[in-house]
Amino acid sequence: MVGPDRASIKQGQGSNSGQIRRFNERVILAALRRMGRASKADLARIASLTNNAAGVIVQELEKAGLVSVLGKKRNGGPGQPPTMLALNPTGAYAIGIRLDRGTIKTVLVDFTGAALAQYVHTLDLPSPQDTVALLAEDISKLLERLAPDRRNRLVGIGLATPYNLGAWLELLSLPAATFRCWEDFDLGAAISEATGLEVVIENDGAAATIAELFYGQGRRIDDFLYLFVGPAIGGGFVSDGEYYRGSNGNAGDIGMIPVRPSSLPSAPSTDKTWDILLSRASVNSLVRHLRWSGQVITGLDDIEPAASAAPSATAEWIDDCVEALAPATLAACSILDVAAVVLDGDLPPAVLEDLASRLERRMAAEAAESRPPPPLVLGTLGKDAGAIGAATLPLHLNFSPHAAILTRGDARARLNPNGRTEADRSTLGEAING
């Protein structure tokens with residue numbers, strides 16, 4: 001967690017009882033988000049409060065519509081069964097956008113992170129202006145799904161997108177004319193202007209990692225490396241139950257690890273000694289090889305039938321992917337010392353499972369003596385990970401126990417439309433990690 005703001009300390013702005021109370025409220029909300037359900041005693045222990053103090057805070061959160069009482073937990077033991085609590089799904093709402101080189105997905109989620117409605121477009125990105133118009137229309141339709149008296153509970157929009165949409169186009173077999181125009185376009189500001197809503201931006205791999213942390217394997221694993229095989233491969237790093245962002249938001253971006261060039265006949269030729277992992281371990285490299293084998297693929301929806309129709313080509317791609325991904329993952333694990341590797345992606349389920357199985361075996365075979373690789377488990381959110389993670393960002397910026405509450409008394413976090421200033425990065429890190 002990022003420490004208190006130095007300027008506030010310098011000015012003598014310490015914490016008062018109201019600020020501490022608000023911070024503790026958010027500690028309890030963050031605990032419920034991660035645990036799913038808990039008793040007042042559980043929450044008191046996590047927040048380091050007395051049972052009475054935790055009970056008073058829970059009552060206030062109930063009145064605010066943020067916490068629901070589920071009923072008594074029947075465990076058959078002696079004594080009064082505890083009352084179980086959870087986040088109230090109708091307490092708040094957020095919109096998440098996943099925008100990458102092959103997908104535009106917009107989703108409306110409730111306070112628990114559950115998707116209520118979504119719109120998906122699988123296509124090469126149109127122009128920035130056409131994309132903003134498309135997103136504005138989808139967002140408008142999502143807002144219509146909310147009753148008028150609940151629309152004021154929408155806390156903002158999260159946007160998950162690669163930071164360098166116009167980069168590595170040759171390696172991903174993408175047209176330069178389509179993507180170069182994105183390099184200097186401020187998509188967050190354009191969406192905010194078109195919708196009148198506040199937007200926060202995060203790397204797409206990081207957003208998917210955040211979704212897995214709060215709604216997937218992160219509920220039982222505190223330390224893991226997360227890999228997401230999308231149009232490119234990305235990911236993130238979770239340590240001690242907290243997402244580690246890095247100085248530029250690229251921690252865990254395994255796609256940049258140097259690897260040997262691919263030997264597949266479909267791969268772009270290169271005279272370099274080293275390539276980068278995303279050129280071999282990505283949906284785009286699979287699509288490229290399936291097309292080379294004679295399959296017609298016009299969008300992501302065509303991948304599954306094409307992979308089924310060309311099993312030998314699919315197996316060739318998996319072998320090439322594993323050859324590059326195994327040493328890259330072992331290298332990352334040797335540095336990060338994680339308890340598990342979580343693998344997810346846009347791949348068809350059968351292809352993802354085969355990739356995971358072969359990758360796990362290869363890592364075990366290649367691991368150094370006395371350093372067995374961590375177990376590899378599949379992610380839980382699949383194609384929805386990026387959009388759900390994006391929607392999680394504004395929820396946490398508004399309801400997580402970040403340090404600004406204690407030092408400045410902010411009732412909510414600052415949401416900057418461009419989402420990229422150092423101050424916003426600090427607040428985002430605090431909010432996510434709680």
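Val341 sits in strand E14, where strands (E, at least two residues) and helices (H or I, at least four) are DSSP runs numbered from the N terminus. Before we tour the rest, please note that this is a predicted model, in which local features need pLDDT of at least 70, side-chain atom pairs count only at pLDDT 80 or more, and totals for chains, interfaces and linings use all residues. Residues are numbered from 1 along each chain as its sequence is written, and side-chain values use heavy atoms, with hydrogens and water left out.

**The chain as a whole**

- The protein chain holds 15 helices and 15 strands.
- Of its 434 residues, 53% count as buried; buried means under 20% relative accessible area, exposed means over 50%, and partly exposed lies in between, with a 1.4 Å probe and protein chains only.
- Among contacts in the chain with a separation of 6 or more, 66% come from residues 24 or more positions apart; a contact here means heavy atoms within 4.5 Å.

- Val341 counts as buried, because its relative accessibility is 0%.
- Leaving aside neighbours within four places in sequence, Val341 is in contact with Leu225, Leu227, Thr329, Cys333, Pro374, Pro375, Leu376 and Val377.
- Pro373 lies 32 residues from Val341 in sequence, and their C-alpha atoms are 9.0 Å apart in space.

- Helix H9 spans residues 283-292 and is mostly covered, with 8 of its 10 residues buried.
- Those buried residues are Val283, Asn284, Ser285, Leu286, Val287, Arg288, His289 and Leu290.
- They pack against strand E9 (224-229), helix H10 (303-309) and helix H11 (311-336).
- Just after H9, Gly294 adopts a positive phi of about 110°.

**Thr314 in helix H11**

- Thr314 is part of helix H11, and it is buried because its relative accessible area is 6%.
- A polar atom of the Thr314 side chain lies 3.0 Å from the backbone oxygen of Ala310. For reference, a polar contact is a pair of N or O atoms within 3.5 Å; within protein, one must be able to donate a hydrogen and the other to accept it, and residues adjacent in sequence count only if both atoms are side-chain atoms.

**How helix H2 packs**

- Helix H2 (residues 17-35) and helix H4 (residues 51-63) pack at an angle of about 80°, with their axes 10 Å apart. H2 is therefore roughly perpendicular to H4.
- Axes are lines fitted to C-alpha atoms, for helices over the stretch in contact, and angles run from 0 to 180 degrees between N-to-C directions. Angles under 35 degrees count as roughly parallel, over 145 as roughly antiparallel, 65 to 115 as roughly perpendicular, and the rest as oblique.
- On the H2 side, Arg21, Asn24, Glu25, Ile28 and Leu29 meet Ala54, Val56, Ile57, Glu60 and Leu61 of H4.
- The residues of this H2 and H4 contact divide into 6 nonpolar, 1 polar and 3 charged. Here Ala, Val, Leu, Ile, Met, Phe, Trp, Tyr, Cys and Pro count as nonpolar, Asp, Glu, Lys and Arg as charged, and the others, Gly among them, as polar.
- H2 also packs with helix H13 (residues 385-399), at an angle of about 150° and with axes 10 Å apart. This angle makes H2 roughly antiparallel to H13.
- Arg26, Leu29 and Arg33 of H2 make that contact with Leu395, His396, Leu397, Asn398 and Phe399 of H13.
- By class, the contact of H2 with H13 has 4 nonpolar, 2 polar and 2 charged residues.

**Ala136 in helix H5**

- Ala136 belongs to helix H5 (residues 128-143).
- Not counting residues up to four places away in sequence, Ala136 touches Ala194 and Thr195.
- Ala136 and Ser192 are 56 residues apart in sequence, with 9.4 Å between their C-alpha atoms.

**Positive phi in two loops**

- Asp337 is found in the loop between H11 and strand E14 (340-345), and has a positive phi of about 55° although it is not a glycine.
- Asp337 counts as exposed, at 63% relative accessibility.
- Ser370 lies in the loop between helix H12 (349-366) and strand E15 (376-378), and its phi, near 65°, is a positive value in a residue other than glycine.
- Ser370 is exposed, with a relative accessible area of 58%.
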